[in-house]
Amino acid sequence: MLLSVNGLGLEFGSDEIFSNLTFNINPGDRVALVGVNGAGKTSLLRILSGELEYFSGKVNRAGNLRIGYLPQQVSEFPEGALLEAVCAGSGDGADALSREEELHAILEKEGTTDTSVLRELARVQDKIHSTEAYNLESKAQAVLSGLGFSKEDLGKDLASFSGGWKMRAMLGAILLNNPDLILLDEPTNHLDLDARLWLEEFLRRFKGAAWIISHDPTFLDRVTNKVVEIEFGDMKTWGGNYSFYVKEKLVQAALLQKQARKVDDEREKLERFVRKFKATESKRFQVRSREKMLEKLEAVATYKSPKRMLIQPPDVPRSGTKVLQMVDVSKAYDKIVFAGVNLEIHRGDRIGIVGRNGGGKSTLSRLFANIEDPTSGTLTKGTGVKIGYYSQEIDLQLNEKHTVLKHVHSISPARSEREIRSYLGRYLFTGDDVMKPVSVLSGGEISRLALAGILIKPTNFLILDEPTNHLDIFSRDVLQEALKNYKGTLVLISHDEKLLSALSEKLLVVKDEKVKAFGGNFTEYVEKLRDLADQQFKKPEEKVIPESSREADRERKRKEAAERNLAYKVRRRKEKRIERIEKKMQPHETRRREIEALFTQPEVINNSNLLVNLQKEHSYLTDEISVLEEQWMEIAGED
């Protein structure tokens, strides 16, 4: 046993967060810590790490227990070059190496007769061996590589990195220390898909215990074998992964609801009897009996279902078949981000963009959204394209002085305050919440407000850059369902595996200054990355793949490629038929608009012959457009 907790309680002021929590942590436990916001999950991790004092109970730690704790936010980071800072910040192993040097210096100066120094040196060397600190630098390079740092990054000053990359370095230092217990609070927030899969593989092989808070259900499913839930100030443990917990929780919630209704019915029955016969002397003993029964009747605590957004996809005006085209596009700042990009996006495409953080995914999305221009090459937006753009740095694009209400009103000024308040209620902004300044909103609130502002406008081309970064599991599910029902063209940058699996039909990979289409679906892409992550943890002799397996894999990929090519050809034939109809329709629509403009001019209104002829032509064009629209709808609806 690594750690035991008995009767743990925590209060903030007059608010009791939880009480009488009793549990043990053993080697091999990989726990998903869950509960609604405010349940006390982060506070519990801080108590276990020794960072937060508790109100009551006891926390007993095994002797020499090494704990690694990664909070959601870190204000101070080690100084110096990345590799040196991570090695120095890795904890016991680095401290032991430093102390070993000091002890050797003492022995060289004073001789080897001091037994106390020799005993300490033996203890220090035991610590070095237990933490594998002699290989600290090479291990650090492997960990940092897995988390996405390049060889060139290792010598750079840690202070020069962004906050997200500093958090990765902090995580690397924790993993490098090989602790007995790892406590991780939202560890995937700053990780791209590659790094998240590497961390997943690390934790799957980890021999110690890990307690994890995360809004990523796929990550929790892959790395945890137990779920601990904090609810109503109490704790319950569930065997199995997160998906198993969700299913069992729904069953339990239904049973609790049934029990609660039964108790409420019994209470109502007893109270009705007491009210009816309280003043009747002959019923005095029966009334007193029922009052005692009421005192003993305990309410059933039912499942505290979190509030969920109610997102409706925006209206989708029709755009041309070709939404966007890039020809030989390059983009550079101080250095080249990508070059030679040639691609087309067609109406109805659902595209996922993947790649390492810092590789150019967000830059590509800004080009798509016309926020930035290419350094060279041409980017052409299609006819009738209306863009909705969610930036990864959305908080920097919101006016901090605006209230929630004013932000949405500035986007949709034609709506009344009552309409906007009702609309914001779907995004969980109710009552006085709508008068909050943007400057005081949490990360989750900013994300919900940004989505509300984007989705209130009619759009046919949605570009979303990490829209789920600050959303809880329930909000992610709601957004996913809304985007499933969105009828326009969708481009999605995300490290949320569940979201990309559900929504992306095509993949663009941004890597090595190139933007390339991936010849497969997102599941195949993840499998490829997982294989690469797995290879990093295998010994050299384990990495040999039998030729028969490689040949079978190549054959499978050939068949899948053939199926994708066939599906693409069918789709392109359909798109060309639609394009032909739209070409016929365009001059008719242009002429009809011209005639409608003429109908407002006095010289036409006063010329009866001209007016009749124009009305006949307008009627003819309308009929022709209707026929073409029916043909368009018929082709669009074909499987």
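User: Which strands make up the open sheet, and in what order?
Analyst: The model is predicted, to be clear. In it, 6 strands line up as E14-E15-E16-E12-E17-E18, with mixed pairing. The edge strands are E14 (387-390) and E18 (514-517), and each of them pairs on one side only.

User: And by how much are neighbouring strands turned against each other?
Analyst: On average by 15°, ignoring direction.

User: How do E12 and E17 run, and how many bridges join them?
Analyst: They run parallel, and 4 bridges join E12 (residues 350-354) to E17 (residues 506-511). In that pair, Val-354 stands opposite Val-509.

User: Which helix packs on the sheet?
Analyst: H15 (residues 443-455) does, touching E14 and E15 (461-465). The direction of H15 makes about 175° with that of E14.

User: Switching topic: where does Asp-192 lie?
Analyst: In the loop between strand E6 (181-185) and helix H7 (193-205).

User: Is Asp-192 buried or exposed?
Analyst: Buried, because its relative accessibility is 1% and the cut-off for buried is under 20%.

User: So what does Asp-192 touch?
Analyst: Leaving out residues up to four places away in sequence, Asp-192 touches Arg-168, Gly-355, Arg-356, Asn-357 and His-495. For Asn-357, the backbone nitrogen lies 2.7 Å from a polar atom of the Asp-192 side chain.

User: What about Arg-30, how many Å from Asp-192 is that?
Analyst: The two are 22 Å apart, C-alpha to C-alpha, and 162 residues apart in sequence.

How values were computed:
Residues are numbered from 1 along each chain as its sequence is written. This is a predicted model: local features need pLDDT of at least 70, side-chain atom pairs count only at pLDDT 80 or more; totals for chains, interfaces and linings use all residues. Side-chain values use heavy atoms; hydrogens and water are left out. Two strands pair if DSSP finds at least two bridges between them. Helices (H or I, at least four residues) and strands (E, at least two) are DSSP runs, numbered from the N terminus. Axes are lines fitted to C-alpha atoms, for helices over the stretch in contact, and angles run from 0 to 180 degrees between N-to-C directions. Contact means heavy atoms within 4.5 Å. Buried means under 20% relative accessible area, exposed over 50%, partly exposed in between (1.4 Å probe, protein chains only). A polar contact is a pair of N or O atoms within 3.5 Å; within protein, one must be able to donate a hydrogen and the other to accept it, and residues adjacent in sequence count only if both atoms are side-chain atoms.
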